[in-house]
Amino acid sequence: EVPVSAIARACGTTYKTIREMNPEIRNSSLPPGRYSLLVPKGAARDFRENFEKALSQEPPPKNGQKKRM
């Protein structure tokens with residue numbers, strides 16, 4: 001799973017903005033798979049550069065589950 005908060009942080013925006021731009025997101029994280037998401041204009045480069053770091057800064061998942069990408 002990939003937390004929406006990590007996506008937002010990688011884009012330099014807020015969780016709320018990502019959720020508003022992508023109403024199909026139903027939970028606080030995305031299940032494994034491939035997705036096309038809208039991000040604020042100009043944020044795609046930031047996302048590519050910052051995603052791995054943002055994901056590593058997320059707290060451990062609950063119930064002992066491992067993070068997946």
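Visitor: Which residues does Ser-29 touch, not counting residues up to four places away in sequence?
Guide: On that count Ser-29 touches Glu-1, Val-2, Pro-3 and Val-4; contact means heavy atoms within 4.5 Å. This is a predicted model, where local features need pLDDT of at least 70, side-chain atom pairs count only at pLDDT 80 or more, and totals for chains, interfaces and linings use all residues. Residues are numbered from 1 along each chain as its sequence is written, and side-chain values use heavy atoms, with hydrogens and water left out.

Visitor: What makes the link between the side chains of Ser-29 and Glu-1 a polar contact?
Guide: The two side chains approach to 3.0 Å. A polar contact is a pair of N or O atoms within 3.5 Å; within protein, one must be able to donate a hydrogen and the other to accept it, and residues adjacent in sequence count only if both atoms are side-chain atoms. The 3.0 Å between Ser-29 and Glu-1 therefore falls inside the limit.

Visitor: Why is Ser-29 called buried?
Guide: Ser-29 has a relative accessible area of 16%. Buried means under 20%, exposed over 50%, and partly exposed in between (1.4 Å probe, protein chains only), so Ser-29 counts as buried. Ser-29 is found in strand S2; helices (H or I, at least four residues) and strands (E, at least two) are DSSP runs, numbered from the N terminus.

Visitor: How do you know that H1 is mostly covered?
Guide: Six of the eight residues of H1 are buried: Val-4, Ala-6, Ile-7, Ala-8, Ala-10 and Cys-11. These buried residues pack against S1, helix H2 (15–21), S2 and H3. H1 is followed by Gly-12, with a positive phi near 75°.

Visitor: Which residues touch the most other members of the largest nonpolar core?
Guide: That core has 14 residues, and Val-2, Ile-7, Ile-18, Ile-25, Phe-51 and Leu-55 touch the most other members. Helix H1 (4–11) and helix H3 (43–56) each supply at least two residues of the core. The largest share, six residues, comes from H1. A nonpolar core is a set of buried Ala, Val, Leu, Ile, Met, Phe, Trp, Tyr and Cys residues joined through side-chain atoms within 4.5 Å. Leaving aside neighbours within four places in sequence, Ile-7 is in contact with Val-2, Ile-18, Leu-30, Leu-37, Phe-47 and Phe-51.

Visitor: Why is the pair of Phe-47 and Phe-51 called tilted?
Guide: The ring centres of Phe-47 and Phe-51 are 4.9 Å apart and the planes meet at 35°. Rings of Phe, Tyr and Trp (its six-membered ring) pair if their centres lie within 6.5 Å; planes under 30 degrees apart count as stacked, over 60 as edge-to-face and the rest as tilted. The 35° of Phe-47 and Phe-51 therefore makes the pair tilted. By this rule the count comes to one aromatic pair. Phe-47 and Phe-51 are four residues apart in helix H3, which separates them by about one helical turn.

Visitor: Where is the kink in H3 centred?
Guide: The kink is centred on Asn-50 and is about 60°. The bend at a residue is the angle between axes fitted to the seven residues ending there and the seven starting there.
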